[in-house]
Amino acid sequence: MSELGTTVIVGVGEGLGASLGRRFAAAGHPVALAARDADKLAPLVNEIENNGGTAMAYAADAAEDENIANLFSSAEADLGPVDVAIFNAGARYQASILDMDSEKFQSVWRTSCLGGMIVGREAARLMAPRGRGTILFTGGRPSRRAEAELAAFAAGKFGLRAVAQSMARELAPKGIHVSHFIIEG
């Protein structure tokens, strides 16, 4: 196991999630890469390992408590203690408010906001007894400004930012750093 703690990244796709996995692995962290479909992560795991890093893929739905609890438990058992957790999941959905489906709105909010709370909570449950750790949340422009036809996505990302702020204030005295980053792109 590495001297650097494990980094868990939830919401790994071809873009930012994959880039975060590559970067943390290159810095020497074992990385646990999580997506709903872990099989899609095989090329990234192979790339990281071919470049001298350590990576494992896990299937997990961020908005499901048991999935995320199992993810963190498995990552610790397989790779070592989790020092960094990154929530990068989101569900961008564009529709006029006149046509907005309530169930779709809830689904987008569950992925973008509730999922972040669950990931942050499970990471904090491991980190708090150790008195250290870092929890990072990624957001985008809708985290601070809602645009036309993006009500569901903005509600999820606005909410995620609030969760991160609340967690930062609660967990800082426990030695856990929590940040929310707005990545435009």
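Modeller: Let's start with how an axis is drawn: axes are lines fitted to C-alpha atoms, for helices over the stretch in contact, and angles run from 0 to 180 degrees between N-to-C directions. Helices (H or I, at least four residues) and strands (E, at least two) are DSSP runs, numbered from the N terminus. Bear in mind that this is a predicted model, where local features need pLDDT of at least 70 and side-chain atom pairs count only at pLDDT 80 or more, while totals for chains, interfaces and linings use all residues. Residues are numbered from 1 along each chain as its sequence is written, and side-chain values use heavy atoms, with hydrogens and water left out.

Now for the pair itself. Helix 4 (residues 102–127) and helix 5 (residues 151–171) have axes that come within 7 Å and cross at roughly 15°.

Who does the touching? Contact here means heavy atoms within 4.5 Å. From helix 4, the residues involved include Phe105, Trp109, Gly116, Met117 and Gly120; from helix 5, they include Ala152, Gly156, Gly159, Leu160 and Met167.

Take methionine 117, which is found in helix 4. At 29% relative accessibility, methionine 117 counts as partly exposed; buried means under 20% relative accessible area, exposed over 50%, and partly exposed in between (1.4 Å probe, protein chains only). Its C-alpha is separated by 18 Å from that of arginine 132, 15 residues apart along the chain.

Next, the loop between strand 5 and helix 5. Proline 142 lies in that loop and is buried, at 10% relative accessibility. Not counting residues up to four places away in sequence, proline 142 touches Phe153, Ala154, Lys157 and Phe158. Proline 142 and glycine 156 are 14 residues apart in sequence, with 8.7 Å between their C-alpha atoms. Glutamate 149 is found in the loop between strand 5 and helix 5 as well. Its phi is near 70°, a positive value in a residue other than glycine, and at 41% relative accessibility glutamate 149 counts as partly exposed.

Rings of Phe, Tyr and Trp (its six-membered ring) pair if their centres lie within 6.5 Å, and planes under 30 degrees apart count as stacked, over 60 as edge-to-face and the rest as tilted. By this rule the count comes to 1 aromatic pair. The rings of phenylalanine 87 and phenylalanine 137 have centres 6.3 Å apart and planes at 55°, so the pair is tilted. Since phenylalanine 87 lies in strand 4 (residues 82–87) and phenylalanine 137 in strand 5 (residues 133–139), the pair ties together parts that are 50 residues apart in sequence. Phenylalanine 87 is buried at 0% relative accessibility, and phenylalanine 137 is buried with a relative accessible area of 0%.
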